Amino acid sequence: MTREEAIRRMQDIGCYNPDVVDHAEWIDGKINLRTSDGKSFEFTSDSRLDETIKADDAKAVIIGQRFFSPEILSLELSEGFDFGNGKITVLTDKNCVVRAVSGMLTELRATSCGICTFCREGAYQLSGIIDAMTKPGADKKQLDLALEIAEAMTTSCNCPVGEETALPVLTALDLFRSEFEAHCGKGSCPSGECSAFSTLYIDPFKCEGNGDCMDVCPADAIEGKPGYISMLDEYECTRCGKCIEACENGAIQFATGRLPKLPERLTKVGRFRK
Ligand code: SF4
Ligand code: SF4
């Protein structure tokens, strides 16, 4: 079967361009890919992953427990390339690397048998430190500490589980340190995925003043009246997201940095000027 035929068949069975490959492994010199819905296909060793995995807007690729830059998708993988647990995930600019590492550590913690102190305690500490970075308050000292723990785990654990647990931290920090630093030093999440760093506001040019958002807000955080631009109190808001669903005009938005200019008092729809 030629590469073109292989790609066509992948398209036929509906697993061309999956965002996530659930399992990849070498079988008899061929790469075997399996998607989460159980579809699978084989590729010869000179195949490239970008023939099957959507990559146009990739920021990072996670293969097994390791982070790679998107270029990995366009390389011919030599036989024996380590797919780790076989899972391949593509992150775009809308995905947060720190959050992804935190999720991986939560899963990896559960794989430690707990006998080896470095693995048990290291996984616990790393998971807590990285999770704290997804919320305001973390500083660069925690970043250094995470690196120190992860490096120690690669040499001091009794089995490969400890090293595997350290890999997401080490490889992500190597490639995306600035994204970690944004969370720790500047208190922001460049992707906007960590909602704890973002603020909700109502776009005064999109709001039509029908009050649908006020009706659903459990925190009473929105002020308004018919025909007036609604105003959202960011300190009262619990970020439950109910108003976003309720607003058919898409007026309720997330801001990750400074808020745009907003009305300071109730203003009639159409009267607000920048
Ligand atoms: S924010 Fe949306 S739901 Fe709320 S009053 Fe404005 S248009 Fe209506
Ligand atoms: S996110 Fe929830 S709490 Fe915040 S304003 Fe909207 S509905 Fe209210």
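On one side of helix H4, the residues Lys140, Lys141, Asp144, Glu148 and Thr155 are exposed. The model is a predicted one, and the description below should be read with that in mind.

Which residues of H4 are buried? They are Leu143, Ala146, Ile149, Ala150 and Met153, and because they cover an arc of only 130 degrees around the axis, they lie on the same side of H4. An α-helix has 3.6 residues a turn, so residues three or four places apart point the same way. The cover over the buried residues of H4 includes H3 and H5. As for its length, the 17 residues of H4 should span 24 Å at 1.5 Å a residue, and its end C-alpha atoms are 24 Å apart, which agrees.

## The nonpolar cores

The largest nonpolar core has 52 residues, of which Val61, Val97, Val101, Leu126, Ile130 and Val169 touch the most other members. At least two residues of this core come from each of strands E2 (30-35), E4 (58-63) and E6 (88-92) and of helices H2 (97-109), H3 (117-133), H4 (140-156) and H5 (160-186), with H5 giving the most, 10 residues. Because domain 1 (3-92) and domain 2 (97-186) both give residues to this core, it lies between them. Apart from this core lies another, of 13 residues, among them Ala221, Ile222, Ile229 and Cys243.

When residues up to four places away in sequence are not counted, Val97 touches Ala60, Leu91, Ala172, Phe176 and Glu179.

## Two loop residues

Pro190 is placed in the loop between H5 and strand E7 (199-202), whereas Arg239 belongs to the loop between strand E9 (231-232) and helix H7 (242-246). Is Pro190 buried or exposed? Pro190 counts as buried because it has 20 C-beta neighbours inside 10 Å, while Arg239, with 16 other C-beta atoms within 10 Å, is partly exposed. Leaving aside residues up to four places away in sequence, Pro190 touches Glu179 and Ala182, and Arg239, with its neighbours within four places likewise set aside, is in contact with Ser195 and Leu200.

How values were computed: Residues are numbered from 1 along each chain as its sequence is written. Chains are lettered from A and ligands numbered from 1 in the order in which they are written. This is a predicted model: local features need pLDDT of at least 70, side-chain atom pairs count only at pLDDT 80 or more; totals for chains, interfaces and linings use all residues. A nonpolar core is a set of buried Ala, Val, Leu, Ile, Met, Phe, Trp, Tyr and Cys residues joined through C-beta atoms within 7 Å. A residue is buried if 20 or more other C-beta atoms lie within 10 Å of its own, exposed if 12 or fewer, and partly exposed in between; C-beta atoms are placed from the backbone. Helices (H or I, at least four residues) and strands (E, at least two) are DSSP runs, numbered from the N terminus. Domain bounds come from an automatic or database domain assignment. Two residues are in contact if their C-beta atoms, placed from the backbone, lie within 7 Å. The expected span of a helix is 1.5 Å times one less than its number of residues. The arc is that of the directions from the helix axis to the C-beta atoms.
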